[in-house]
Amino acid sequence: MRRSASLPLAVVAGGVAALGYAAGYELHSYRLRRVEVPVLKPGSRPLRVLHVSDLHLRPGQRRKREWVRALAGLEPDLVVNTGDNLAHQRAVPAVLDALGPLLERPGVFVLGSNDYYEPVLKNPARYLLPNGGPTLSSPLLPWGDLRDGLTSAGWLDLNNARTRIKADHREIEVVGTDDPHIRRDRYADVAGPADTTADLSLGVVHAPYRRVLDPMTTDGFGLILAGHTHGGQLCVPVFGALVTNCDLPRGQAKGLSVHRAGNGPGARSLLHVSAGLGTSPYAPVRFACPPEATLLTLVAGPDRL
Ligand SMILES: [Fe+2]
């Protein structure tokens with residue numbers, strides 16, 4: 001009798017301890033991951049790209065703001081922001097303050113669903129359901145102010161756009177879409193073969209849905225950066241992410257992987273998914289998946305993946 005009564009208590013105590021760790025420690029345990037990416041043309045010197053994503057910032061999150069501001073000390077050649085910056089109606093000044101020193105460097109961005117819609121209280125279990133979608137009836141956030149703040153500082157808006165940017169004297173062709181998670185992507189409007197005279201062809205998207213990754217890949221964009229997944233957010237040690245909240249396989253929830261858009265030559269790209277730096281204010285837990293930014297060092301790679 002005593003034994004069977006103590007088991008639930010142990011389970012409850014273990015659950016409370018895990019929740020305390022996930023919400024109290026890991027949520028604020030910001031990490032910089034460093035990854036080498038063999039994607040440049042043979043003979044190229046390295047290019048340093050800082051990938052930040054999913055800040056989900058609210059006014060007053062001082063520790064997160066200061067950590068992001070300090071990333072400028074890495075002196076990246078290019079900054080890529082893959083969206084979901086906002087988590088509050090008054091968060092735009094906080095985001096622009098956090099990114100302030102990085103805005104002095106060449107940068108590009110796309111927006112995510114959480115830049116458009118105010119976070120709402122939902123059943124946290126929805127996060128673990130496949131493709132648990134956003135609530136499009138939520139009040140709109142001031143995403144136009146965010147976009148204007150970023151573009152007026154010189155960053156390029158890649159929401160359904162294609163252009164070139166110069167970083168460390170290299171010519172980079174960049175293409176991006178608005179967020180596929182809320183069906184704002186219009187890749188057909190910007191599709192077309194990558195410019196082989198550029199030093200790099202880079203694709204950028206918030207939620208890494210295959211309907212965007214596939215045509216970017218077959219167009220010849222050799223590296224694609226995305227966010228949205230939060231790396232799974234609640235992960236199982238060793239096993240990894242339980243969900244990606246999109247149609248990307250679980251094993252690609254964060255980090256660098258090869259994306260295959262088919263079997264033929266030219267049907268592969270390198271995909272980097274950031275686990276991001278925040279969470280919804282209504283699901284403030286991370287487990288076995290600390291918040292992160294990534295310094296990608298691009299180096300010369302093989303002619304063909
Ligand atoms: Fe997010």
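Biologist: Which residue of strand 8 is the bridge partner of Gly-176?

Modeller: Val-204 is the partner of Gly-176. The model is predicted, so local features need pLDDT of at least 70 and side-chain atom pairs pLDDT 80 or more, while totals for chains, interfaces and linings use all residues. Residues are numbered from 1 along each chain as its sequence is written, and side-chain values use heavy atoms, without hydrogens or water.

Biologist: What makes strand 7 and strand 8 a pair?

Modeller: Two strands (DSSP E runs of at least two residues, numbered from the N terminus) pair if DSSP finds at least two bridges between them. Strand 7 (residues 170–176) and strand 8 (residues 200–204) are joined by five bridges and run parallel, so they count as paired.

Biologist: Which atoms coordinate the iron ion?

Modeller: Asp-54 (OD), His-56 (NE2), Asp-84 (OD) and His-230 (NE2) do, at 2.1 to 2.2 Å. Donors are N, O and S atoms within 2.8 Å of the metal (3.2 Å for Na, K and Ca); with water not among the atoms, a site may look incomplete. The spacing of the donor residues in sequence is D-x1-H-x27-D-x145-H.

Biologist: Why is the arrangement around the iron ion called irregular?

Modeller: The four donor atoms subtend angles of 90 to 169°.

Terms used: Four donors count as tetrahedral if all angles lie between 85 and 135 degrees; four count as square planar and six as octahedral if opposite donors are over 155 degrees apart and all others between 65 and 115; anything else is irregular. Helices (H or I, at least four residues) and strands (E, at least two) are DSSP runs, numbered from the N terminus.
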